[in-house]
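Reader: I am new to this structure and would like to learn how to read its features step by step. Could you give the general idea each time, and then the case at hand?

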Amino acid sequence: QVQLVESGGGLVQAGGSLRLSCTASARTFSSYFLGWFRQAPGKEREFVGIRWNGGSTYYADSVKGRFTIARDNTKNTMYLEMNSLKPEDTAVYYCAADLSAIRIRTNPNYWGTGTLVTVSS
């Protein structure tokens with residue numbers, strides 16, 4: 001079982017930056033694949049990016065070049081660094097974890113409760 005808690009959301013102006021954190025309870029945190037998803041008002045949840053255990057990352061086209069995922073296994077924490085934010089980035093952001101490299105991209109087993117990011121124009 002893994003419990004995930006996001007933090008760092010808030011209100012930011014377009015063009016600004018924000019860093020989200022996701023802290024996990026798992027004793028074997030380093031074994032998990034980690035990802036970020038988001039859900040904008042009135043829309044379905046969508047994939048943002050993932051970081052595999054080897055360090056490689058993969059991002060949705062909509063955030064590529066602007067968002068960066070990092071993790072610190074010593075702190076059981078994953079980060080989402082968001083730069084050049086746009087109003088269309090407004091959403092509830094969720095972190096997710098799974099032991100499967102395939103499932104983390106599509107339907108992770110473990111989810112946080114989300115943190116709201118609002119980007120004003």
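Reader: In what order do the four strands of the open sheet lie, and is the pairing parallel or antiparallel?

Author: In general, strands of a sheet pair through backbone hydrogen bonds, and the pairing can be either parallel or antiparallel. In this predicted model, four strands make up an open sheet whose order is 1-3-8-7, with antiparallel pairing. Strand 1 and strand 7 are the edge strands, each of them pairing on one side only, and the twist from one strand to the next averages 20°.

Reader: How many bridges join strand 1 to strand 3?

Author: Strand 1 and strand 3 (residues 18–24) run antiparallel and are joined by four bridges; within strand 3, Cys22 is the bridge partner of Glu6.

Reader: Where is Asn76 placed, and why is Asn76 counted as buried?

Author: Asn76 lies in the loop between strand 7 (67–72) and strand 8 (77–82). Because buried means under 20% relative accessible area, Asn76, with a value of 19%, is counted as buried. Leaving aside neighbours within four places in sequence, Asn76 is in contact with residues including Cys22, Thr23, Ala24 and Phe29.

Technical notes: Residues numbered from 1 in each chain as written. Predicted model: local features only at pLDDT ≥ 70, side-chain atom pairs only at ≥ 80, totals over all residues. Heavy atoms only, no water. Helix = DSSP H or I, 4+ residues; strand = E, 2+ residues; numbered from the N terminus. Buried < 20%, exposed > 50% of the residue type's maximum accessible area, 1.4 Å probe, protein only. Contact = heavy atoms within 4.5 Å. Pairing = 2+ DSSP bridges. Axes fitted to C-alpha atoms, helices over the stretch in contact; angles between N-to-C directions.
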